[in-house]
Amino acid sequence: MAPAATGVGSLAAAPVAKGYTTYRKAAARSVVRLGLPALPPLPGLRLAAQGQASFCECKRLARNVVAMATGEPTAAPVADNEELTEFVNALKKEWDRIEDKYAVTTLAVAATLAMWSAGGVVSAIDRLPLIPGLMEAVGIGYSGWFAYRNLLFKSDRDAFFAKVREVYEDIIRS
């Protein structure tokens with residue numbers, strides 16, 4: 001039985017089957033020209049070429065379409081731009097207030113280099129066999145010890161949070 005003689009599927013089968021054969025011919029040309037194997041056909045196209053496609057399958061394939069709205073942009077980018085401008089202005093104000101800009105710049109560069117080199121050391125250690133697993137076990141063990149020591153009992157928890165508040169106040173007062 002020919003694919004054209006099958007009800008609703010015949011409406012979509014002819015153009016899709018034509019696209020399928022065009023796809024197969026293009027794939028065969030790419031195999032000859034590049035020496036690469038042809039890609040397998042899309043599942044919906046294979047069914048359509050065999051005359052088994054139905055209207056629902058074609059509709060399902062058409063649902064995966066992404067549309068882009070046209071028109072005026074929303075006000076969100078403007079708000080983001082205003083926040084960015086406020087942040088940059090506040091940063092400039094703080095920079096102008098600093099007396100020893102050379103020391104701050106040197107400290108920032110040194111911190112950046114330290115973080116970069118620490119990342120290199122960590123990635124080098126991560127490539128060694130056994131070391132990452134050992135470090136993970138040490139981390140899990142320390143986390144368990146910390147939780148047992150500071151978070152498990154109410155009196156220990158209160159003492160820990162008091163210590164955190166004290167350190168926080170020392171940093172804020174400085």
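Guide: Happy to! Of the contacts in the protein chain between residues at least 6 apart in sequence, 32% join residues at least 24 apart. Please keep in mind that this is a predicted model.

Visitor: What is the pattern of the protein chain, read along the sequence?

Guide: The pattern reads α-α-α-α-α-α-α.

Visitor: Which residues does UniProt list for "transmembrane region"?

Guide: An unreviewed UniProt entry lists residues 102-124 and 130-148 under that name. In the model, residues 102-124 are 100% helix and 0% strand, with end C-alpha atoms 33 Å apart. Residues 130-148 are 95% helix and 0% strand, and there the end C-alpha atoms lie 27 Å apart.

Visitor: What share of the residues in the protein chain is buried?

Guide: Buried residues make up 6% of the 174 residues.

Visitor: Why is the pair Glu94 and Arg97 called a salt bridge?

Guide: The rule asks for a side-chain nitrogen of Lys or Arg within 4 Å of a carboxyl oxygen of Asp or Glu. For Glu94 and Arg97 the closest N and O atoms are 3.2 Å apart, so the pair meets the rule. Side chains of opposite charge can pair when their charged atoms come close.

Visitor: How far apart are Glu94 and Arg97 in helix 4?

Guide: They are 3 residues apart in helix 4 (residues 76-97), so about one helical turn separates them.

Visitor: Is Arg97 buried or exposed?

Guide: Its relative accessible area is 63%, and exposed means over 50%, so Arg97 is exposed. Glu94 has 39% relative accessibility, so it counts as partly exposed.

Visitor: What makes Lys154 and Asp158 a salt bridge?

Guide: Their side chains meet at 3.8 Å, N to O, and the limit is within 4 Å, so the name applies. Both residues lie in helix 7 (residues 154-173), 4 residues apart, about one turn of the helix. Lys154 is exposed at 56%, while Asp158 is partly exposed at 41%.

Visitor: How many salt bridges does the rule give?

Guide: The count comes to 3. Among them is Asp170 with Arg173, whose closest N and O atoms are 3.5 Å apart. These two are 3 residues apart in helix 7, about one helical turn.

Key
Residues numbered from 1 in each chain as written. Predicted model: local features only at pLDDT ≥ 70, side-chain atom pairs only at ≥ 80, totals over all residues. Heavy atoms only, no water. UniProt positions renumbered as here; feature names shortened; annotations may be inferred. Buried < 20%, exposed > 50% of the residue type's maximum accessible area, 1.4 Å probe, protein only. Contact = heavy atoms within 4.5 Å.
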